[in-house]
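Try each task on your own before you read its solution.

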Amino acid sequence: MSEVVQAGLWGLLAGSALLLGAGLGYGLRVPQKVIATVMAFGAGVLLSAVSFELVGEAYDEAGIVPAAIGTLVGAMAYTAGNLWLAGRGARHRKRSGGHPTQSQPSEDQQGGSGMALALGALLDGIPESAVIGVSLLEGGAVSLVTVAAVFISNVPEGLSSSAGMKRAGRGKEYVFGVWTAIAAASTVSAVLGYTVVGAFSPAVIAAVTALAAGAILAMVADTMIPEAFQDAHLAIGLITVCGFLVSFALSHA
């Protein structure tokens, strides 16, 4: 099997976790504390993966300057996109809707918010999937830790966001249409991460890896941790550390 096909399949696998989470969030009445708990765990998993699999790898490959510049640019790009989408109804796209003041708007409340939510989900998912394809450039084998981290974190993301979409009155076709599209985009993003980024020098690859890391870090801080803290603030630190350690153990297995 060619490495391009492998990249696409690994990206699809990681993206399919969003559909799994969406099915749970839309089809079941999941308690708020459970949503907060799994979101905190997923945040810890991503924080560890970013530290050891992305920023650490970028530093080892090209040194501190490309790693630092890439991380900062990624965070700034994500923040800029997030600010633009926030004004169009996607500010609370990861929220499950348990708190009225921090819930997703319906289309009646804010026209165009449905498209903004979909674009927000795309913004969150693209960096995660791209690094899966990039990881294939190292030795011809995908980083299973990166795939596992993205998959594990995508479940609570899909769960919480879909629960919030349902509370906002969005239908099943919209909810599962969004996450199916994002899963498909994850496949394409992983393929592009392998084919496009692989044509550049090691320093550029390291910078792109760090760029994705910065975007993921900004996403975790801006969308995942706030939802987790809302209902699990007394235990969020411990739960996040547990997720971090699981990912850390996988990276050193």
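This is a predicted model: local features need pLDDT of at least 70, side-chain atom pairs count only at pLDDT 80 or more; totals for chains, interfaces and linings use all residues.

**Exercise 1. Work out what the protein chain is built from.**

Solution. 
- Step 1: count the elements. There are eight helices and zero strands.
- Step 2: write them in sequence order, and you get α-α-α-α-α-α-α-α.

**Exercise 2. Check whether the protein chain agrees with a compact globule.**

Solution. 
- Step 1: start from the chain's 253 residues, for which a compact globule would have a radius of gyration near 18 Å.
- Step 2: compare that with the chain's own 17 Å, and the two agree.
- Step 3: The C-alpha trace spans about 50 × 35 × 35 Å along its principal axes.
- Step 4: look inside. Buried residues make up 48% of the 253.
- Step 5: see who meets whom. Take the contacts with a separation of 6 or more: 85% of them join residues 24 or more positions apart.

**Exercise 3. Find how far apart the mean positions of the positive and negative charges lie.**

Solution. 
- Step 1: tally the charges, which gives 11 positive and 15 negative.
- Step 2: take the mean position of each set.

**Exercise 4. Compare the span of helix H5 with the expected one, then say how H5 is placed.**

Solution. 
- Step 1: H5 runs over residues 144–167, so to speak a stretch of 24 residues.
- Step 2: at 1.5 Å a residue, 34 Å is expected; H5 reaches 35 Å from its first C-alpha to its last, which is close.
- Step 3: 18 of the 24 residues are buried, so H5 is largely enclosed by the rest of the structure.

**Exercise 5. Contrast Arg170 and Gly171 in the loop between H5 and H6.**

Solution. 
- Step 1: Arg170 has a relative accessible area of 9% and is buried, while Gly171 has 30% and is partly exposed.
- Step 2: Arg170 has contacts beyond its neighbours within four places in sequence, among them Tyr26, Glu107, Gly114 and Met165.
- Step 3: Arg170 and Gly114 are 56 residues apart along the chain, yet their C-alpha atoms are separated by 8.5 Å.
- Step 4: for Gly171 and Tyr26, 145 residues apart along the chain, the C-alpha separation is 9.6 Å.

**Exercise 6. Which residues is Ser48 in contact with, leaving aside its neighbours within four places in sequence?**

Solution. 
- Step 1: locate Ser48 in helix H2, residues 32–62.
- Step 2: its relative accessible area is 1%, and Ser48 is buried.
- Step 3: its contacts are Glu53, Phe244, Ser247 and Phe248.
- Step 4: Ser48 and Ser247 are 199 residues apart in sequence, but 5.9 Å apart in space, C-alpha to C-alpha.

Key
Residues are numbered from 1 along each chain as its sequence is written. Side-chain values use heavy atoms; hydrogens and water are left out. Helices (H or I, at least four residues) and strands (E, at least two) are DSSP runs, numbered from the N terminus. The radius of gyration is taken over C-alpha atoms; the globule rule is 2.2 Å times the number of residues to the power 0.38. Buried means under 20% relative accessible area, exposed over 50%, partly exposed in between (1.4 Å probe, protein chains only). Contact means heavy atoms within 4.5 Å. Lys and Arg count as positive and Asp and Glu as negative; His and the chain ends are not counted. The place of a charge is taken as NZ of Lys, CZ of Arg, CG of Asp or CD of Glu. The expected span of a helix is 1.5 Å times one less than its number of residues.
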